[in-house]
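Visitor: I am new to this structure and would like a close look at one part of it. Could you guide me to the aromatic rings and how they pair up?

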Amino acid sequence: HPDFIADENDWAWQSGTLYYKVGVGEDPNVENIDVGTQQTVAELTNAQRTVFRNHEWRGFWRYGVIMIGNCTDSAFYNMKAHDAMGHAMYVNDRDTDNLIVDGFEMEDLSGGGIFGNRSSDCVFQNITMRRIGLTKGDGWGLYTDDGRSPNLFYCGISFGFSEAKDNQILYCYAEEIGGSPYRYDGERHVVAYNYAADGMMIFDDGGMYYCYGAGSADLTKNLHVHHNIAIRCHGDGTGTPNGTGKELSINYYLDSGSTFSIYEYNFSDGDNVTRQGFLNNLRNNDNIFRNNISIGCYEAEFVADTPTFPPNPKATTSIDHTNNQYICSRGEVTVRYVDRSGGHSQFEWEHWLGTNDNNIHVALYQNGTGTERPIRGEYNYYSAQEYFTLAEFEARFPGQELNSSYVNNRFGSYDPAHYIIHTNWSPVPVNQPVVGSYEFPDGTPAGGTVEVPPYGGVFLLQTV
């Protein structure tokens, strides 16, 4: 209780600090304090081992809290931020490390959720984000006409650039996000057990789970992204549904120079608004994709794009691509490899492709009037403006073995009557009843119930 404030529940400004005197018997750690429309609720500088608990912030137009310089070993527990134009948190210096944010409910924030610029050794967990970053041209003033640049800021949780290291995003929930729900540039981050639905609602060129390696610099590396759920990446740069920016909508997007990373046990559902489930973009070396499931994208479920082959030192090489399931229920193909320059030898293709083993490709008929694109549950290659199928590729490069299973034109149309999708965003397995005759993509009967793994999903196909 500041002694220079005479009355309870009153304010005073002194030496650049706003003070509030709580009433007798009131706990300042649980009191809801309405600060009105402020630029920033709290600014911390050289504030080590600071702990916030049970605060609720609203009405700010820039930040809930900004941390600038040497704010190490601080923590935020059971926080709320809502109905404001800015970010809930902005961690703005490389010296603000070892931060814990555990329990934060965010709703209706125009700017974004948490932006950690160059922060390291931080844990962001048990965070719920709804309707975040949906207003262009808010307090940040960063919107550009092409809709791309702000994707670093209008996200749910974002920490960027190469100096961010060893951060964790765990057990978070995001829905209706203007930019990427989760963005994690840098090194050795763990992104696991998260849920995201309806991201990239008003911006273009990003993903539900997005990282950027700064092109040829290879600055994003050694990530572990596992047991996440992504549903409907919109990628709309025009502000209208299904706009011109939709072609850059990716659920799991490893952008230029993202290398040496593992993506496993992730579930992707494009729901016919997302172009690709997984994109391994140019100059991405030695990434591993295993035990993932992707369905419902309108072009392809997995894409490896623009290799720029050796002797270019930044070539995309050695994709380890095993035990994935791709269900082509709406798109053109399950997997696409893209070589935009063309004319490469079998050795170069093998060096680029790396390991492809035990993937399952399922294609469902498209129904309708025949105006829709045909579905092929197989690899598709694009080279020098020429498309060719798996069989054509193997004829062109004899001996290239991809060791994958193909289940084509077997289960009728993609009408929901012919398949079941179950997802589970909880820490324990969930048993779901199965009525009718269904099986897993590998042909295993589903039985009367199916166990949906924690933070994962299953896809069941109706038997013939």
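Guide: Let's begin with Y90, which counts as buried because its relative accessibility is 10%, where buried means under 20% relative accessible area, exposed over 50% and partly exposed in between, with a 1.4 Å probe and protein chains only. This is a predicted model, in which local features need pLDDT of at least 70 and side-chain atom pairs count only at pLDDT 80 or more, while totals for chains, interfaces and linings use all residues. Residues are numbered from 1 along each chain as its sequence is written, and side-chain values use heavy atoms, leaving out hydrogens and water.

A search of the whole structure finds 22 aromatic pairs. Rings of Phe, Tyr and Trp (its six-membered ring) pair if their centres lie within 6.5 Å; planes under 30 degrees apart count as stacked, over 60 as edge-to-face and the rest as tilted. Y90 and F115 form a stacked pair, with 5.1 Å from centre to centre and 15° between the planes. This pair links distant parts of the chain, 25 residues apart: Y90 sits in strand β8 (residues 87-91) and F115 in strand β10 (residues 112-117). Strands (E, at least two residues) are DSSP runs, numbered from the N terminus. F115 is buried too, at a relative accessible area of 2%.

Now turn to F302 and Y326, a tilted pair with 6.1 Å between centres and 40° between planes. F302 belongs to strand β29 (residues 300-304) and Y326 to strand β31 (residues 325-328), 24 residues apart. F302 is buried at 0% relative accessibility, and Y326 is buried at 1%. Both belong to a cluster linked by ring pairs, alongside Y182, Y209, Y252, Y263, F278 and F289.

Technical notes. Helices (H or I, at least four residues) and strands (E, at least two) are DSSP runs, numbered from the N terminus.
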